[in-house]
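Welcome, and please open the structure in your viewer. We will go from stop to stop, selecting as we go.

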2 protein chains.
Amino acid sequence: MKKVVLIGSGNVATHLGEALRNSGVEVLQVWSHTLENATTLAKQLGAEGISNISDVKANADAYIFSVKDDVLLSVLQMFPHEDKVLIHTAGSISIDILKPFSSLAAVMYPLQTFSKAKAVDFKTIPILLEASNDDLLSSLKHVATQLSSKVSVANSEQRKYLHIAAVFACNFTNYFYAIAQDLLETKGLDFDLIRPLILETAEKVMHHSPQDVQTGPAVRKDEKIVNAHLDLLGDNTDLQRLYKDISERIMKA
Amino acid sequence: MKKVVLIGSGNVATHLGEALRNSGVEVLQVWSHTLENATTLAKQLGAEGISNISDVKANADAYIFSVKDDVLLSVLQMFPHEDKVLIHTAGSISIDILKPFSSLAAVMYPLQTFSKAKAVDFKTIPILLEASNDDLLSSLKHVATQLSSKVSVANSEQRKYLHIAAVFACNFTNYFYAIAQDLLETKGLDFDLIRPLILETAEKVMHHSPQDVQTGPAVRKDEKIVNAHLDLLGDNTDLQRLYKDISERIMKA
């Protein structure tokens with residue numbers, strides 16, 4: 001897999017494209033439905049930016065689809081070539097979505113949260129692979145181990161669970177950071193006060209199991225504090241209910 | 001404040017006691033209602049371990065109460081001395097709880113999650129101070145700045161909000177790590193796969209605002225994936241409801 005075309009120019013495409021190029025894979029083209037986005041990423045990667053999918057060249061070794069989950073099918077339907085190696089990068093989408101378009105289907109799911117604003121060390125990112133045949137899986141493993149030291153195989157069912165686990169561990173967690181920031185700001189307090197706590201909470205589970213290091217009023221079954229917090233949230237009944245729900249779950253766990 | 005007595009031997013007392021001793025403060029005694037716990041921590045700190053609160057010496061410069069929130073009052077009621085400097089370390093308890101027992105009341109709240117199993121660098125921990133008079137606040141600041149480079153003043157109302165923000169940013173977040181682990185284990189997947197994601201999610205908000213780096217299906221308003229995840233959680237209606245609740249909040253945010 002020496003030459004690829006990137007279909008998509010979002011956060012995953014950007015970081016994956018850079019990692020591929022750094023490992024010696026040539027990115028021939030970047031497609032996006034917005035030419036400007038395609039060109040921006042293409043420039044970074046020394047590739048050609050295109051917005052017309054019929055301009056995708058036929059001579060790439062693989063076509064990596066890294067577009068929003070809900071447009072993947074419609075982009076595949078516009079894809080102009082047959083029997084090419086088609087790879088998608090989505091956690092929650094089965095490999096089967098590719099099969100009507102090629103017998104050479106694969107998934108390469110990097111399990112990380114990507115923002116254009118922040119560089120990540122791709123070497124540390126788990127990559128989950130799936131392929132429609134063993135030869136393709138082998139060549140995918142070869143490429144992936146150039147990108148990361150944490151390459152595993154996972155089927156579509158396992159990948160779905162990885163994705164939902166990631167939603168809890170990353171997306172919902174980040175949302176709770178945002179709630180914390182809102183709560184602090186109502187009392188004129190800076191988010192900086194809570195940043196060390198956030199980092200320590202994550203670092204703690206790098207070498208421990210979350211169950212073993214759970215702290216806070218709910219796990220101590222300190223109902224007085226839990227109730228005081230519920231009172232404090234009295235003017236925000238939605239947030240109050242969320243606090244109550246999760247505290248009760250922790251108490252029962 | 002050269003000599004202190006620690007009332008309590010839990011996680012906060014342990015880490016605070018070590019930080020105090022390392023900054024040159026002498027810990028005279030450690031009290032716990034369990035003698036074994038008192039003695040264990042006392043040994044670490046070169047102090048005397050006691051379990052009878054009437055044995056607390058009268059010659060300390062300050063008495064630091066670091067006990068479970070719901071027993072603090074009853075421990076104060078047993079405390080044998082009057083008009084001593086009394087300090088508690090609790091986020092959600094007002095300074096007022098100390099005032100019936102001394103006019104020299106103060107709070108020193110280290111905003112961090114402590115486990116006995118994991119060392120922390122106390123220097124990086126925000127410490128929030130409150131005191132019943134300015135002289136006491138000054139001497140408390142003097143001690144606290146020996147322990148940490150992040151010392152602030154916060155009143156009891158602000159501290160309550162800090163604590164509830166900490167519950168979201170730390171306790172609930174850790175609980176979500178545990179949910180992620182459970183979900184992975186149902187499919188034979190290792191928690192290691194998601195550890196880099198957890199760390200990156202926390203590191204990202206060290207220099208960004210959480211709102212600016214929110215990712216995932218809910219913020220993309222990708223209802224197809226949200227609904228697929230809800231289906232996947234179908235046999236766990238509690239967890240399904242939690243996923244739905246939080247996703248809807250993120251979509252509306």
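**First stop: a helix in chain B**

Select Ala38(B), which sits in helix H2 (residues 35-45) of chain B; helices here are DSSP runs (H or I) of at least four residues, numbered from the N terminus. This is a predicted model, in which local features need pLDDT of at least 70, side-chain atom pairs count only at pLDDT 80 or more, and totals for chains, interfaces and linings use all residues. Residues are numbered from 1 along each chain as its sequence is written, chains are lettered from A in the order in which they are written, and side-chain values use heavy atoms, leaving out hydrogens and water.

Ala38(B) has 0% relative accessibility and so counts as buried (under 20% relative accessible area, 1.4 Å probe, protein chains only).

**Next stop: the cores**

Select Ile194(A), one of the residues touching the most other members of the largest nonpolar core, which has 130 residues. Such a core is a set of buried Ala, Val, Leu, Ile, Met, Phe, Trp, Tyr and Cys residues joined through side-chain atoms within 4.5 Å. The contacts of Ile194(A) include Leu184(A) as well as Leu111(B) and Leu162(B).

**Last stop: the axis**

Show Thr173(B), the residue of chain B that comes closest to the rotation axis, at 2.7 Å (C-alpha).

Conventions. Least-squares fit on C-alpha atoms with pLDDT ≥ 70 in both. Buried < 20%, exposed > 50% of the residue type's maximum accessible area, 1.4 Å probe, protein only. Contact = heavy atoms within 4.5 Å. Helix = DSSP H or I, 4+ residues; strand = E, 2+ residues; numbered from the N terminus. Lists of a residue's contacts leave out its neighbours within four places in sequence.
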